[in-house]
Amino acid sequence: MSTRGVLTGNTALAAWGVATSEDHEVLVSAAPGTRPPHAAWLRAIRNGPAHAAAWWRGVPVASPDIAAVDAYATARDPSIEPLLAVLRAGLATPDDVARVIGVRTQMQGRAQAFEAVDAFRRGLHSFLEIAADRRVFTGPVFAQMVRQHRVRAGGRLYRIDAYEPESMTAFETDGTAFHGSAEARLRDSRRDAELAALGILTVRFPYPDVMSRPEWCNTIARRVIERRLRGSGSATGAIC
């Protein structure tokens, strides 16, 4: 396949091993003076000189940081997931991605892209974690929250989305991409059990509740922390 440019966007990310979209459009960064072939599945953009960071199936591929920013900037339904995905995978650093955003002075959604990178630096590694930070975990009771806290349990190393250390409470925000399958739910149940053996209670908030009922999530989270800090294990609700 000859594209007369450098493969970028979601297709390039897939070549790097990061799946962020089911978009079948191939995005190419075309060098000045070149004309990529016309095809319904091919879309050319021009962001200055195009440089190949690697080759995939004989096609030059942009670096992960550039590919992620191009995927974000050209999406018909803008999503910060490409930016976060390359950071989670360790294919680029926050400084790498911020540097690319910085030179794209005319890019739509530039401020939001910078915010996503800054959120990642603070330990918020998904859209839902960012949303929960803004909508759910607000107030002084969450002041000591630790992001991406690592705990070894049952011979495994687990990473907790948000951990309140004094009450030993783990909060997980469950999106369907990582927690929707039966296999993922089984894995989560086993993980919760192993953490419980250490005295850590896991509270899970799914996507619909974080996005549609953040006040309810906030109330539940506060009550759990406060009750565990009091050391009260007695139930006060009615038993049916």
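Me: Let's start with V151: is V151 buried or exposed?

Reply: The general idea first: buried means under 20% relative accessible area, exposed means over 50%, and partly exposed is in between, with a 1.4 Å probe and protein chains only. V151 has a relative accessible area of 10%, so it is buried. Keep in mind that this is a predicted model, in which local features need pLDDT of at least 70, side-chain atom pairs count only at pLDDT 80 or more, and totals for chains, interfaces and linings use all residues. Residues are numbered from 1 along each chain as its sequence is written, and side-chain values use heavy atoms, with hydrogens and water left out.

Me: Where is V151 placed, and which residues does V151 touch beyond four places in sequence?

Reply: V151 sits in strand 6 (residues 146-153). Helices (H or I, at least four residues) and strands (E, at least two) are DSSP runs, numbered from the N terminus. Contact means heavy atoms within 4.5 Å. Not counting residues up to four places away in sequence, V151 touches R156, L157, Y158, I160, L195, L198 and I200. For L195, the separation from V151 is 44 residues in sequence and 8.2 Å in space, C-alpha to C-alpha.

Me: How do I read the two sides of a strand, say strand 2?

Reply: In a regular strand the side chains alternate between the two faces of the sheet. In strand 2 (residues 26-29), V26 and V28 point one way, L27 and S29 point the other way, and all are buried. Two strands pair if DSSP finds at least two bridges between them. Strand 2 pairs with strand 1 (residues 6-8) in the antiparallel sense over three bridges, and V6 is opposite S29 in strand 2. T11, in helix 1, contacts E25, V26 and L27 once neighbours within four places in sequence are left aside. T11 counts as buried, at 17% relative accessibility.

Me: Now helices. Which residues of helix 4 are buried, and which exposed residues are on the face turned away?

Reply: In helix 4 (residues 94-103), P94, V97, A98, V100 and I101 are buried. They fall within an arc of 160° seen down the axis of helix 4, so they line one face of the helix. The face turned away from that buried side carries the exposed residues R99 and V103. The cover over the buried residues of helix 4 includes helix 2 (64-74), helix 3 (81-88) and helix 5 (110-121).

Me: What does helix 5 look like when read that way?

Reply: A113, A116, V117, A119 and F120 are buried in helix 5. Their arc around the axis is only 160°, which puts them on the same side of helix 5. Helix 2, helix 3, helix 4 and helix 6 (127-135) are among what covers them. With twelve residues, helix 5 reaches 17 Å from its first C-alpha to its last, close to the 16 Å expected. G123, with a positive phi near 95°, follows helix 5.

Me: Why is helix 2 described as largely enclosed?

Reply: Nine of the eleven residues of helix 2 are buried, so it is largely enclosed by the rest of the structure. They are P64, D65, A67, A68, V69, D70, A71, Y72 and T74.

Me: Which residues touch the most other members of the largest nonpolar core?

Reply: A nonpolar core is a set of buried Ala, Val, Leu, Ile, Met, Phe, Trp, Tyr and Cys residues joined through side-chain atoms within 4.5 Å. The largest one here has 32 residues, of which L13, V69, L83, V97 and I101 touch the most other members. Helix 1 (9-15), strand 2, strand 5 (59-61), helix 2, helix 3, helix 4 and helix 5 each supply at least two residues of this core. A second, separate core of 17 residues includes L128, A131, V136 and F142.

Terms used. Arc of directions from axis to C-beta. Expected span 1.5 Å × (residues − 1).
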